[in-house]
Amino acid sequence: MEFSAVKQIGIKELAQAAGVAPSTVSRALAGNPRISKETAERILRTAADLGYQPYTSRTRFLALFLPGLMEYTYTGLLLKAIQREAFRRNYRLELLLPDGLPRMNERYFCGGIALGKVNLESCPFPLVQINGKAESLNRNSFSVCSDDFGAIAESVRRFRAAGHVRIGFLLAGNPDTCNNRNRIAAFRQVLPEDPEKWIEIIPNSEYEVDAAVIRLMKRGITALIYLVPSAVNPEKVMRRNRIRIPEDLSLIVWEMLGIFQEYRPNLCVAEQNFERLAFESLERIASSFAGKPGKKTVFVPYVFREGASIVSPRSGARSKHCT
C-alpha cells in the first residue's frame with residue numbers, strides 16, 4: 001500500500017480558515033490555557049476538517065510507548081491520570097528526561113509537572129512537583145502532595161475506634177522518599193508514647209517482611225499499618241506465619257494500586273488519589289496563567305477502601321508469637 005502525497009496545510013492557512021491570528025493557532029495547539037475553550041475547540045475542529053498535520057522539518061511529534069509502565073504501579077497510574085486530565089484540558093504532554101532539563105529554555109512550555117522533587121536553579125514556567133517539596137524556584141513553583149499525615153492519623157483512628165492500643169507500623173522500601181518520610185514522621189507524632197517500639201523499617205524483600213511481622217507480633221501488636229509493595233502479598237505473608245486476618249491481626253494495607261480485591265478477606269486499603277493529584281496539579285498551572293496562583297502547597301486526601309480486615313482485639317488474648 002502506497003501513501004499519496006498530501007499538500008501540507010500551514011498555520012497561516014489554518015488561522016485564515018478559523019478566522020484567528022496565526023499566533024492564536026500556535027497557542028491553541030500548544031494547549032495554552034489563556035486561549036478560551038470556545039476558540040480552542042473551533043481551531044481544533046478546523047484543523048481536523050482541513051487535515052492539518054503539525055509536521056515540519058523542525059517540528060515532529062513522536063509517540064513514546066511505555067507498555068511495561070502502565071500496569072498497577074505508582075508511576076504508571078499517576079501518569080495515566082495526568083494524561084487523562086491533560087487531554088480533558090487540551091494540553092499536549094512532552095516527556096522531558098533529566099538530561100534534557102538544561103535545554104528546556106529553548107522550548108515554549110506553558111507549565112511543567114514533575115513526579116517528585118526536581119533540582120532546578122531556575123524555571124521559566126509554572127512548575128508543579130507531585131509528592132515533592134515545592135522549592136522557591138520562582139513565584140509559580142507549586143507542590144501537590146498526598147496527605148500522608150492525614151492518612152496515617154486516619155489509620156490510627158480506625159484502629160483505636162475498634163479498641164486497638166498496640167498498633168504496629170511496617171515500611172518496606174526506601175525511607176527517604178518524600179512520602180515515606182512524611183508517613184514515618186506522622187506515625188511518630190500520632191503515637192507519641194514510645195513509637196519506636198512499634199516501628200519496623202526494612203528493605204523490600206519477602207524474607208525481611210516475614211521477619212519484621214514476627215518481631216512486631218512478639219511485641220504484642222494487635223493491629224498493623226502495612227506499607228509494603230503490592231508484590232509482597234499480605235495474605236500470603238500472614239498465612240505463612242500462621243497469623244489470621246483479622247482474628248489475630250487487624251490490618252490496613254497501603255498502595256495495593258487496584259489489585260486489593262484479589263485478597264481474602266477483603267482488606268481495608270489506603271490509596272493515593274491519583275485522579276485528584278493530576279487535577280490539582282494542572283489546576284495550579286491554569287490558575288497561575290490566570291493570575292490566581294493560589295496555595296503553594298496542596299494536600300490531597302487519601303482514598304480509604306473499606307474492607308473486613310479490622311475487628312476488635314480478642315479480650316485478654318495474647319498472640320501465639322509473643323512467647
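Both Phe 169 and Phe 187 are buried, where buried means under 20% relative accessible area, exposed over 50% and partly exposed in between, using a 1.4 Å probe and protein chains only. This is a predicted model, in which local features need pLDDT of at least 70, side-chain atom pairs count only at pLDDT 80 or more, and totals for chains, interfaces and linings use all residues. Residues are numbered from 1 along each chain as its sequence is written, and side-chain values use heavy atoms, with hydrogens and water left out.

## Aromatic rings

A search of the whole structure turns up 3 aromatic pairs. Rings of Phe, Tyr and Trp (its six-membered ring) pair if their centres lie within 6.5 Å; planes under 30 degrees apart count as stacked, over 60 as edge-to-face, and the rest as tilted. Phe 169 and Phe 187 form one that is tilted, with 4.9 Å from centre to centre and 35° between the planes. Phe 169 lies in strand β4 (residues 167–172) and Phe 187 in helix α6 (residues 178–190), so the pair ties together parts that are 18 residues apart in sequence. Helices (H or I, at least four residues) and strands (E, at least two) are DSSP runs, numbered from the N terminus.

## The chain and its cores

The protein chain has 9 helices and 10 strands. Of its 323 residues, 46% are buried. Taking contact to mean heavy atoms within 4.5 Å, residues 24 or more positions apart account for 65% of the chain's contacts with a separation of 6 or more.

A nonpolar core is a set of buried Ala, Val, Leu, Ile, Met, Phe, Trp, Tyr and Cys residues joined through side-chain atoms within 4.5 Å. The largest one holds 45 residues, and Leu 170, Val 209, Tyr 226 and Met 238 touch the most other members. Leaving aside residues up to four places away in sequence, the contacts of Leu 170 include Ile 202, Val 209, Tyr 226 and Val 228. Apart from this core lies another, of 20 residues, among them Cys 110, Leu 277, Leu 282 and Val 300.

Val 228 sits in the loop between β6 (223–227) and α8 (234–240). At 2% relative accessibility, Val 228 counts as buried.

Helix α2 (residues 22–29) and helix α3 (residues 37–50) have axes that come within 10 Å and cross at roughly 95°. That makes α2 roughly perpendicular to α3, a label for angles of 65 to 115 degrees, while those under 35 degrees count as roughly parallel, over 145 as roughly antiparallel and the rest as oblique. The axes are lines fitted to C-alpha atoms, for helices over the stretch in contact, and angles run from 0 to 180 degrees between N-to-C directions. On the α2 side, Thr 24, Val 25, Ala 28 and Leu 29 meet Thr 39, Ala 40, Ile 43 and Leu 44 in α3.

## Backbone details in the loops

Asn 131 has a positive phi of about 55° although it is not a glycine. Its place is in the loop between β2 (127–130) and β3 (141–146), and at 5% relative accessibility Asn 131 counts as buried. Arg 242 also has a positive phi of about 55° without being a glycine. Arg 242 is in the loop between α8 and β7 and, at 63% relative accessibility, counts as exposed.

Pro 246 is likewise in the loop between α8 and β7 (250–254). Ala 308 touches Pro 246 and Asn 266, not counting residues up to four places away in sequence. Ala 308 is found in the segment after β10 (303–305), and its 41% relative accessibility counts as partly exposed.

Phe 109 lies in the loop between α4 (74–88) and β1 (112–114) and is buried, with a relative accessible area of 18%.

## Pairs separated along the chain

Here are some C-alpha to C-alpha distances.

| Pair | Separation in sequence | C-alpha to C-alpha distance |
|---|---|---|
| Val 228 and Ile 202 | 26 residues | 9.6 Å |
| Phe 109 and Pro 124 | 15 residues | 8.5 Å |
| Ala 308 and Leu 251 | 57 residues | 9.0 Å |
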